[in-house]
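Here is a short report on one protein model. Look at the sequence and the fold first, then read on.

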Amino acid sequence: MRALSHRILADGIFAIAMVGLAGCATAPMHPTEIDPAFRRTEVQYATREPRGTIVVDPANHYLYYVEGGGTAVRYGVAVGGEGFGWSGVAKVHSKQEWPDWYPTGDILVRHPELRTGIKQLPSGEGIPGGPDSPMGARALYLWQGNKDTLYRIHGTNEPWKIGGNVSSGCIRMLNDDVIDLYERTPVGTKVVVLQSNVS
């Protein structure tokens, strides 16, 4: 009888352990697959903008690199959330590989968890460039004339957010996509950001 009790107890512990492990295996995780609608592709795209122009369509979460002849390379993007949309015409003032990120005070108030990754960098306190940086693999810095718009087209360490309104105004891309765009885009490239439907 005692052996049977031990056997029942052991079986019970094993079953509980298996349920626990199953819970770990099925715990919610960030999706690793991107909606195919936001994968990079060449599309027909009618525009009056010349070849080499970047057109951002925040309402539909796409960025177009105009190739001319009625075609463009289309990339899925994440854009600014409510209150952080921006539209207008700018130019690529500079480009950087694996850029450091210097979050503003407002961003740190909204996301205090970011403070744990902040270090003293050459230009002040920020998060160093690399795979863990919210700026991702590349960044294009957008200026209007001699003024920094403070908006960027950059990669992301949160690829599952592509296709959403999530950022503080910047245009986020998959790292592979922003590397592709970076290679196509010289400094001085015209960037047109269309009006967003997020107010």
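Y45 is buried, with a relative accessible area of 16%. Buried means under 20% relative accessible area, exposed means over 50%, and partly exposed lies in between (1.4 Å probe, protein chains only). Y64 is buried too, with a relative accessible area of 9%.

This is a predicted model: local features need pLDDT of at least 70, side-chain atom pairs count only at pLDDT 80 or more, and totals for chains, interfaces and linings use all residues. Residues are numbered from 1 along each chain as its sequence is written, and side-chain values use heavy atoms, with hydrogens and water left out.

**Aromatic rings**

Rings of Phe, Tyr and Trp (its six-membered ring) pair if their centres lie within 6.5 Å. Planes under 30 degrees apart count as stacked, over 60 as edge-to-face and the rest as tilted. The count comes to three aromatic pairs. In one of them, the ring centres of Y45 and Y64 are 4.0 Å apart and the planes are at 10°, so this pair is stacked. Y45 lies in the loop between β1 and β2, while Y64 is in strand β3, so the pair ties together parts that are 19 residues apart in sequence. Ring pairs also link F38, Y45, Y62 and Y64 into a cluster.

**The whole chain**

The protein chain has three helices and 13 strands. Helices (H or I, at least four residues) and strands (E, at least two) are DSSP runs, numbered from the N terminus. Of the 199 residues of the protein chain, 41% count as buried. Contact means heavy atoms within 4.5 Å. Among contacts in the protein chain with a separation of 6 or more, 63% come from residues 24 or more positions apart.

**The sheet**

Nine strands form an open sheet with mixed pairing, in the order β1-β4-β3-β2-β13-β6-β9-β10-β12. Its edge strands are β1 (41-44) and β12 (171-172), and each pairs on one side only. Two strands pair if DSSP finds at least two bridges between them.

Now follow strand β9 (residues 138-144). Strand β9 pairs with strand β6 (residues 88-97) in the antiparallel sense over six bridges. E97 has R138 in β9 as its bridge partner. β9 and β10 also pair in the antiparallel sense, over six bridges. Here L140 stands opposite I153 in β10. The hairpin of β9 and β10 has two residues between the strands, and G145 takes a positive phi near 60° there. β9 is mostly covered, with five of its seven residues buried.

Helix α3 (residues 175-184) lies across β2 (54-57), β3 (62-68), β4 (71-76), β6, β9 and β10 (147-154). The helix runs at about 55° to β9. Axes are lines fitted to C-alpha atoms, for helices over the stretch in contact, and angles run from 0 to 180 degrees between N-to-C directions.

**Charges over a ring**

Which ring do the charged ends of K95 and R138 sit over? A charge sits over a ring if NZ of Lys or CZ of Arg is within 6 Å of the ring centre and within 35 degrees of the ring normal. The table gives the ring and the distances.

| Charged residue | Ring | Distance from ring centre |
|---|---|---|
| K95 | Y182 | 4.2 Å |
| R138 | Y182 | 5.4 Å |

**A buried arginine**

Is R152 buried or exposed? At 14% relative accessibility, R152 counts as buried. R152 has its place in strand β10. Its side chain is joined to that of D148 by a polar contact of 2.7 Å. A polar contact is a pair of N or O atoms within 3.5 Å; within protein, one must be able to donate a hydrogen and the other to accept it, and residues adjacent in sequence count only if both atoms are side-chain atoms. Leaving out residues up to four places away in sequence, R152 touches M135, L140, Y141, L142, C170 and I171.

W98 is not a glycine, yet has a positive phi of about 45°. W98 is found in the loop between β6 and α2 (105-110). With a relative accessible area of 37%, W98 is partly exposed. L150 is not a glycine either, and has a positive phi of about 70°. L150 is found in strand β10. At 61% relative accessibility, L150 counts as exposed.
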